[in-house]
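Biologist: Can you put the model up? I have some questions about it.

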Amino acid sequence: MRGAALAVAAVAALFLSSFAAQAQEVTVFAAASLQTALQQIVADYQAGGGGSVVVSYAGSAALARQIEQGAPADIFISASTDWMDKLDEAGLIRSGTRVDLLGNTLVLVAHGSDAPKVALTPELDLSGLIGSGQLAMALVDSVPAGVYGKEALSSLGLWESVAPKVAQADNVRAALALVSVGGASYGIVYGSDAAADGKVSVVGTFPAQSHAPIVFPAALTASARDGAEAFLDYLKGEKAAAVFQAEGFTVLKQ
């Protein structure tokens, strides 16, 4: 009987230990463009004794909709304020935790490492530059990078001529991948995305006034579990800031 009791106690302890580990795990829903930076930040955080963090990457629109439908996210990092606003208005963001974390630039990239530079002005014949190829963009009506891109092209008077040549992807990293493998000759992505891929080259940066400011807000969700606040604080700290900056982001909050 004593041996059986000890066995039961051991199983119970193992179960409780496993349950505690799961309870401490933080789930982050993050815009796809953050993948390279966050992989390093999460590794550093855990190596320094932080709790377990798992990150789900996708377009901000898709992630926001998943949270609306009850997906168990603890932290949401969007590539635009619009989708964060939507969740905030629905009561799905914890009050007082929202912060504008990062900024970025919007760039035109080309396949290859030495494509010639162009001036992104109304005088540019972008359609002629693309020729028979395609312009890769994230979904232009919902994913922030695509929305910013369409806005910039429209502001410069270039959208109508290139719209038939746009190849839309589910998120900005998917658009980058199209250019990287040569499936599209050009693409519109964030500057940080371009910095993460040696098979593309930045041929131009869109004027800041051609599109709304690119802001990545972060916040705890209303259902965030224990441990989430500690990781969000880490994201706002100096160590994470150094990684974000190295990956081409502008740090707005420390």
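Biologist: Where does the largest pocket lie?
Modeller: Domain 1 (23-103 + 214-251) and domain 2 (106-205) both give residues to the lining of the largest pocket, so the pocket lies between them. The domain bounds come from an automatic or database domain assignment. This is a predicted model, in which local features need pLDDT of at least 70, side-chain atom pairs count only at pLDDT 80 or more, and totals for chains, interfaces and linings use all residues. Residues are numbered from 1 along each chain as its sequence is written, and side-chain values use heavy atoms, with hydrogens and water left out.

Biologist: How much space lies in that pocket?
Modeller: The largest pocket holds about 190 Å³. On a 1 Å grid over the protein atoms alone, a pocket is an open set of points with protein on both sides within 12 Å along at least five of seven lines, a cavity is a set where a 1.4 Å probe fits but cannot get out, and lining residues have an atom within 4 Å of a point. Points are joined across faces, edges and corners, and a volume is the space filled by probe spheres set on them.

Biologist: Which residues lie nearest its centre?
Modeller: S80, T81, D82, V147 and Y148, out of 13 lining residues. The elements that give two or more residues to this lining are α4 and α6 (144-155), and α6 gives the most, with four.

Biologist: And how do the pocket's lining residues divide?
Modeller: Eight are nonpolar, three polar and two charged. Ala, Val, Leu, Ile, Met, Phe, Trp, Tyr, Cys and Pro count as nonpolar, Asp, Glu, Lys and Arg as charged, and the others, Gly among them, as polar.

Biologist: What about cavities, how many of 30 Å³ or more?
Modeller: One, in a search of the whole structure. The largest cavity has a volume of about 40 Å³. Its lining includes S33, N171 and Y190, and has no charged residues.

Biologist: How far apart are the C-alpha centres of the two domains?
Modeller: 26 Å. The contact (heavy atoms within 4.5 Å) takes 18 residues from domain 1 and 13 residues from domain 2.

Biologist: Changing topic: at what angle do α3 and α4 pack?
Modeller: Helix α3 (residues 60-68) and helix α4 (residues 81-89) pack at about 10°, with their axes 9 Å apart. They are therefore roughly parallel, a label for angles under 35 degrees.

Biologist: Which residues of α4 meet α3?
Modeller: W83, K86 and L87.

Definitions and conventions: Axes fitted to C-alpha atoms, helices over the stretch in contact; angles between N-to-C directions. Parallel < 35°, antiparallel > 145°, perpendicular 65-115°, else oblique.
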